Number of protein chains: 4
Amino acid sequence: MAGNSFGQLFRITTFGESHGPAIGVIIDGCPSNLEVNENFIQAELDKRKPGQSKITTQRKESDTVQFLSGVFEGKTTGTPLTLLIPNEDQRSKDYAHVKDTYRPSHADYTYQTKYGNRDYRGGGRSSARETAARVAAGAIAKLLLKTAGIEIFAHVSAVGKIEAPNLEHLPVDELVSMRESNIVRCPDPATATQMIDLIDGIRKEGDTVGGKVSCVIRNCPVGLGDPVFDKLHADLGKAMLSINAVHGFEYGSGFAGSEMRGSEHNDIIVPAPSKPGNEPLKTLTNFSGGIQGGISNGMEIFFRVAFKPVATIMQNQATVNTAGEAAEVQGKGRHDPCVVPRAVAIVEAMAALVLADHLLRDKGVRL
Amino acid sequence: MAGNSFGQLFRITTFGESHGPAIGVIIDGCPSNLEVNENFIQAELDKRKPGQSKITTQRKESDTVQFLSGVFEGKTTGTPLTLLIPNEDQRSKDYAHVKDTYRPSHADYTYQTKYGNRDYRGGGRSSARETAARVAAGAIAKLLLKTAGIEIFAHVSAVGKIEAPNLEHLPVDELVSMRESNIVRCPDPATATQMIDLIDGIRKEGDTVGGKVSCVIRNCPVGLGDPVFDKLHADLGKAMLSINAVHGFEYGSGFAGSEMRGSEHNDIIVPAPSKPGNEPLKTLTNFSGGIQGGISNGMEIFFRVAFKPVATIMQNQATVNTAGEAAEVQGKGRHDPCVVPRAVAIVEAMAALVLADHLLRDKGVRL
Amino acid sequence: MAGNSFGQLFRITTFGESHGPAIGVIIDGCPSNLEVNENFIQAELDKRKPGQSKITTQRKESDTVQFLSGVFEGKTTGTPLTLLIPNEDQRSKDYAHVKDTYRPSHADYTYQTKYGNRDYRGGGRSSARETAARVAAGAIAKLLLKTAGIEIFAHVSAVGKIEAPNLEHLPVDELVSMRESNIVRCPDPATATQMIDLIDGIRKEGDTVGGKVSCVIRNCPVGLGDPVFDKLHADLGKAMLSINAVHGFEYGSGFAGSEMRGSEHNDIIVPAPSKPGNEPLKTLTNFSGGIQGGISNGMEIFFRVAFKPVATIMQNQATVNTAGEAAEVQGKGRHDPCVVPRAVAIVEAMAALVLADHLLRDKGVRL
Amino acid sequence: MAGNSFGQLFRITTFGESHGPAIGVIIDGCPSNLEVNENFIQAELDKRKPGQSKITTQRKESDTVQFLSGVFEGKTTGTPLTLLIPNEDQRSKDYAHVKDTYRPSHADYTYQTKYGNRDYRGGGRSSARETAARVAAGAIAKLLLKTAGIEIFAHVSAVGKIEAPNLEHLPVDELVSMRESNIVRCPDPATATQMIDLIDGIRKEGDTVGGKVSCVIRNCPVGLGDPVFDKLHADLGKAMLSINAVHGFEYGSGFAGSEMRGSEHNDIIVPAPSKPGNEPLKTLTNFSGGIQGGISNGMEIFFRVAFKPVATIMQNQATVNTAGEAAEVQGKGRHDPCVVPRAVAIVEAMAALVLADHLLRDKGVRL
């Protein structure tokens, strides 16, 4: 059974390989009458696209999106939206050396064994290039969420052991501006400089490094998320863990919360008569991360995502070939020394897809 | 849209409230001809059941499972299995005091807002009592996995700040025996004693504490997991995050891996001619946690789950009532001072459900 | 992959075998705050229950429904509803004679081959007894539809070659009253008498006969149904064809419409200023059966369902045993001489389930 | 909730509007290692394409299919297949006259009401042009079914009141050859001539006529179909009813079977020692249409589909405009006088999709 679809009511299906003619996505279930701002969608893709700075892969892709269906006179019609992104800068010959070998910590061996064949060019379907389609779809989801006032902001909160200070009390607009002022997408300028230096140095060594992306969601209405299996944070977790290279997810108090006592961790509720919509409560602390019983409670939702270091390094490595014999894989190709600067757009996109889905799912759950 | 089902081909739907007549589960998609060992299923439930020791809730439930359908002459027939667990020891009057107030860090407010009403008795559907149904279904999944030789072992790896040493090199049988020799379900006896003392002390203070559960999966065949969204670890992550009180999930190198370099983190592949099934490879390290590109690679799968402290404490707390006014919730009721000893059975059950589903999903993916 | 669930948002999963302890259904996705009238649900079941007249099977089942979950203080809570119907009058020994033989035109052989075993007692899961669970779930769906003013009415329109006149211009209340005045559930008294005589005669011969059930749906809002695959009539068709013994489905002009010309068949639209809700149109004819492009247009929806004669007859028949040898199956057991009088309740239930699902699906399809 | 996907394991999602840049389909779940014969796929599309004879619409589309993903070195890889069919001969100005009016028996009014806007050019998404994507996907399904020896053959069995004699005892190859020897796709030459004359005459009158398509499936293994809701014939019925203009579906004895007695209708089982695969049985008659209890029994599967006359006629018709006022729609545009000759390819495609899905679904249902 295939797993190329995500979401129940706002449902996407992505397709395409790294070195095929194009990648793309169908969005089925987007409400009609949504204004489609193509510039916004392209701008989202530009945050993820390769070749944007010295600390990203040098593959050159304009990632120009084409609309094949679902939009008429600038608005969605309620029929499937199809967004196509042609591949422009494939260099398949760069991959001839891995045709018969399994790259360490890549998906070569598992795909080959599962499917009995594989498109080895650029990792085929296992390439993170697929996430461009997610960003395109996530941009549509963001347009839908904007109609409900929901804001999403992700940023690089760690590269290797360098951690950024918490700036999440600032308004989203300001955070975006600070984040986009540097190429590593950390809103704190001093930390950003350190991160960039670290990545650049590691790149020159032919090595890679991991990092973390943090994300906040604001103005989420009370009530999104469905017990018991489709808890909002469970769907956010799956969304994040489905992104290439992600090895961990935590929300609210996260792993640190498991060391706390209930009397510290409980979020005391206080009346909030002035909140819009007359919601009766807010909490003094927010260890719950804006979600209780799997359902949003109106407080800020926040979570953190851990990315392993990119597996492609510019160093030769021992491995095994498809015949099961010892072999060596050469260190070459075009790849990111650290994935998190570009992953910020992907994390936001996947969060937007989860929220858009649950926004629609929440319709009709009560008379 | 409701979220009470989990899995695609091995699919469960749970039902029931904490203080209703019963909870239960339908398993749809279990292959026919599987021998149903009822003693095994009951034994699994016994590991999760309340009242099993001084460090668990004192609610007394025998959690005796009844089979309503799907089994004939001791074997599954391929039709839906229905397992029913009657509730025996409800004390609904214990909850009269929360009928009109929202307990801090519980789901009272979010359920009330989402659904416009709620069964306040024992938390209704948001109660962790629902997980008994998961354990029953997980036991069936384990019976299926046994036919493929797959083993699952979870244990308490941390309570508060007390961390257990890594014993995961031992055989599963031995680990189970060591784990079941104490009431906290940590296989290391010395650490277990410390954990029990900590929980017992906290219980006497009317407080609670969080913890962590670690899990390993052995003998998983190569090829389970479906790109791109239904990666094996993404489905495991969702499964774990859907358990009450879970705030974090990491697999393989996890959060620590995000601080590493690619040259350290890559799992070098070596020939493995002697492995059963003639799989050509194993890896020297296993930072990948047995999963590459979302698909199992035949190495050991392992992950860790963080549980927040239980929200019900034996202390009065400020809160808000359903009219939006300041109120107080009394510290009373029967609850666990620490959830992880009983959660071990739930983590194993959810892992088994994910693997059983992907075992079936892997059929027919190649000619 | 199992197929025991129906519907996407208003989703049911049925379980249970003819001679197991019980049958039942989980309804997941029913909106909260719906008043659950248990008498109404029981009354619906009573229309389907066995033993209700001389022209139905003499198996005695009270079909008393029990609520296991999802209702609190008389209203749905938004959590899964579980309805249980214990089996009371199994006579499994009646089926010893078919343990090793395949009954003609039954599912014995196909179940045995597909699953490798089967519960032969009363047909196990393939028994039409399963449809009692559908009727219980359909009763909940009807309660939901009533809140939207939607009415459903089915009746026996043919038994063998005896066809009833079209009385569908009458109000639903009146039709129900006329239908329930006789045991064959045909609203036209003269035809009903003929039908009863036919069935009774056939029963005495140890034979069975087929028939047809017609159904109308009134006050359906414009807009239900989802292109392109989940057209309203496609889902109605699947629903009906999933009922035991159904061999045909047609809506609107149906098979006869395929002999017509476009200039006759087109439903001319005229203004309808006086209709409630200010819908701008009605059509002069209704060959479209209230559905255009798979979406309801506000006119009456109607369709017809063909049931084959019941396969169990009181005559010995040649067959094959499980060893593949020629054998004979004896004519015995308790069965309906004609299924349509009881099927009326099932057709209404399945129609209600489709409409309830599409009523919820229509939420959130437009901004 | 959108309905543009069909199938569970062999799952397609179609996209595109009549006058957009392209239509297409994603196939997710096709097994890897299937050889993709592009000529075969194009040949299937050619049977459905417009402009192929004097009795079809004169819109000129080459319907040339492009592969965007999922195929590598001539074989499927197990990743999503994307097939794109550019639109070439749109004449959107032909539809300016219906921008503000609702065409009788079209989906204009229902789409406009449901979605709040619509792409009026050529019917937008409601156009039967969408079925070209189904035929492309169905061709892939047929390639899969061929590996299991399953054959599908559909033909025009009626145009208006002209019915073809039953020729279904002939081999499929011969039937195909006879069918493709004439433009109406009826294998009986004499009847074909009458049908062509009828359609041509009706076309000259500016009118249209309905018809019927019959389909047989041979060499289907025993065991396809899933009780209780996803019976093989229920899924076939839904598939057929989802095709534009279909108003009825019957299988096996169909509507006529409802007039029969059980003693006539029961299919007596006899030993069949010589059948391939050692299946123990065949039946003397086949009123069951090859399906018992929703599961294939190894006999020939057959069904019949009723198509209403095309709604677009070359005559002016009274109607209502979007303001709710009386209006007239002019008789113009390019359309089929009778849809069944082209629908043969669509019926085969949808049948192939159902069988491919159930072929995969049957994996893993038993140990």
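Which strand of chain A do 2 bridges join to strand 10 of chain A, and in which direction do the two run? I looked this up to begin with: the partner is strand 9 (residues 151-159) of chain A, and the two run antiparallel. In this pairing I found Val159(A) standing opposite Ile162(A) in strand 10 of chain A.

**Conventions.** I note that this is a predicted model, in which local features need pLDDT of at least 70 and side-chain atom pairs count only at pLDDT 80 or more, while totals for chains, interfaces and linings use all residues. Residues are numbered from 1 along each chain as its sequence is written, chains are lettered from A and ligands numbered from 1 in the order in which they are written, and side-chain values use heavy atoms, with hydrogens and water left out.

I traced an open sheet of 10 strands with antiparallel pairing, in the order 10(A)-9(A)-11(A)-17(A)-12(A)-12(B)-17(B)-11(B)-9(B)-10(B). Strand 10 (162-163) of chain A and strand 10 (162-163) of chain B stand at the edges with a single partner strand each, so one side of each is left without a neighbour in the sheet. Strands here are DSSP runs of E, at least two residues, numbered from the N terminus, and two of them pair if DSSP finds at least two bridges between them.

**Copies A and B.** The same surface serves both, since 100% of the contact residues of chain B recur in chain A (contact means heavy atoms within 4.5 Å).

**Chains C and D.** The contact takes 110 residues from chain C and 110 residues from chain D. The buried area (accessible area, 1.4 Å probe, lost on being put together and summed over both) is about 8,700 Å², of which carbon and sulfur atoms give 58%. In chain C, Met1(C), Lys114(C) and Phe229(C) lose the most area to chain D, together 11% of what that side buries.

I then counted 12 salt bridges across this interface (a side-chain nitrogen of Lys or Arg within 4 Å of a carboxyl oxygen of Asp or Glu). One of them joins Glu205(D) and Arg261(C) at 2.7 Å, N to O.

Last, I found strand 11 (residues 246-251) of chain C joined by 3 bridges to strand 11 (residues 246-251) of chain D, running antiparallel, with Phe249(C) opposite Phe249(D).

Conventions: Buried area = accessible area lost by both parts, 1.4 Å probe. Helix = DSSP H or I, 4+ residues; strand = E, 2+ residues; numbered from the N terminus.
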